[in-house]
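Here is a brief report on a predicted model.

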Amino acid sequence: MKPNKSSIFLLFTIMMLLLASACGGSESDDAIMVDDGPPDAMDPVDPVDPTDPTDPALFNDFWYGYYFENPLTNPEDPTPGFVYLQIPEAGAFEGEMYFSFVGCDDTFDVGRVTGNANGANLAGTWSGTVDGTAVGGDYIGELNMADDLYEGTYTNANGKVEIECTQDDSIFVAPDGTWFLGKGDKNAALNIMVDAAANPLTASWDAPAGTFIYLYVVVDAACLEENLDLETCLMWSGNTQNSSFIYGEGSEVPAKPLIAGSTYLLSVAAVSDTGELVASSNLLFEF
């Protein structure tokens with residue numbers, strides 16, 4: 001199930017009218033910071049030389065982030081969404097773009113991303129459907145070693161696509177956009193905190209000045225590594241105007257039960273009223 005694309009865009013519009021109160025969000029002083037321990041406790045890695053684009057520790061791993069439709073070429077409803085890639089040191093990479101905030105119906109829509117990695121560069125394609133309409137095109141990017149982020153662009157080969165939900169309501173798939181990806185433990189920007197002992201689980205994060213809305217996803221990390229299938233491995237997703245959530249509350253997408261002893265990824269993106277990224281963080285935590 002997915003919320004209508006217009007729901008997140010409507011929140012942007014509402015928050016423009018509430019500028020004075022939108023930046024603070026809510027806080028959770030009692031939240032417990034999940035200590036993911038030394039690097040080998042959650043996500044085993046070797047020491048990384050950030051100046052060396054051939055260092056294998058920079059590759060052969062999962063990267064998580066968001067794509068953003070271009071607000072200049074799609075001013076009607078520029079919409080972001082979650083994306084992940086499994087990127088080897090060299091050779092084929094694969095992942096998915098999750099159209100969680102796009103659509104007229106309750107289908108689960110994703111775009112499969114495939115291509116080849118060559119050093120710090122990625123080149124490939126993406127393809128999928130939005131409410132039964134085929135979309136897809138080029139997908140390219142490279143590693144920004146200064147920030148330890150993959151950044152890139154994508155295009156829709158069919159250009160801007162209008163999908164009619166009803167006679168009076170349409171959504172638009174942008175002709176192009178941008179994307180970025182960080183590691184699962186890249187948490188400095190928003191400082192995500194999770195209280196896994198709470199029932200239900202709670203999470204909170206820092207609120208950057210100027211933020212209007214937060215997008216979040218909770219993914220079964222081991223499931224994703226094994227299956228590369230977000231529909232199977234997604235536990236919950238949604239958006240909120242606050243800098244916190246209670247697991248399973250306040251979203252049109254129902255949450256799946258978390259399993260004790262499992263490791264999950266929580267990814268949060270802070271987005272401006274114009275649909276642009278303000279900050280993002282990823283946190284791997286054990287439930």
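Valine 135 sits in strand S6, which spans residues 133-144. Is valine 135 buried or exposed? Its relative accessibility is 6%, so valine 135 counts as buried, the cut-off being under 20%.

Which residues does valine 135 touch? Leaving aside residues up to four places away in sequence, the contacts are Phe99, Trp126, Ser127, Gly128, Thr129, Val130, Asn156 and Val173. Valine 161 is 26 residues apart from valine 135 along the chain. The C-alpha atoms of these two valines are separated by 8.3 Å.

## Aromatic pairs

The whole structure holds 19 aromatic pairs. Two of them are set out here.

| Pair | Geometry | Centre to centre | Angle between planes |
|---|---|---|---|
| Tyrosine 66 and phenylalanine 82 | edge-to-face | 5.8 Å | 75 degrees |
| Phenylalanine 99 and tryptophan 126 | edge-to-face | 6.2 Å | 75 degrees |

Take the pair of tyrosine 66 and phenylalanine 82. Tyrosine 66 belongs to strand S1 (residues 61-69) and phenylalanine 82 to strand S2 (residues 80-87), so their pair ties together parts 16 residues apart in sequence. Tyrosine 66 is buried, with a relative accessible area of 1%. Phenylalanine 82 is buried too, with a relative accessible area of 0%.

Now the pair of phenylalanine 99 and tryptophan 126. Where do its two members lie? Phenylalanine 99 is in the loop between strand S3 (90-98) and strand S4 (110-118), while tryptophan 126 is in strand S5 (residues 121-130). The pair therefore ties together parts that are 27 residues apart in sequence. Both phenylalanine 99 and tryptophan 126 are buried.

Strand S8 covers residues 161-166, and strand S9 covers residues 169-173. How do strands S8 and S9 pair? They run in the antiparallel sense, over five bridges. Together S8 and S9 form a hairpin, with two residues between them.

Glutamate 162 has its bridge partner in S9: phenylalanine 172. The ring of phenylalanine 172 also has a charged neighbour. Lysine 160 lies over the face of phenylalanine 172, at 5.1 Å from the ring centre.

Key
Residues are numbered from 1 along each chain as its sequence is written. This is a predicted model: local features need pLDDT of at least 70, side-chain atom pairs count only at pLDDT 80 or more; totals for chains, interfaces and linings use all residues. Side-chain values use heavy atoms; hydrogens and water are left out. Helices (H or I, at least four residues) and strands (E, at least two) are DSSP runs, numbered from the N terminus. Buried means under 20% relative accessible area, exposed over 50%, partly exposed in between (1.4 Å probe, protein chains only). Contact means heavy atoms within 4.5 Å. Rings of Phe, Tyr and Trp (its six-membered ring) pair if their centres lie within 6.5 Å; planes under 30 degrees apart count as stacked, over 60 as edge-to-face and the rest as tilted. A charge sits over a ring if NZ of Lys or CZ of Arg is within 6 Å of the ring centre and within 35 degrees of the ring normal. Two strands pair if DSSP finds at least two bridges between them.
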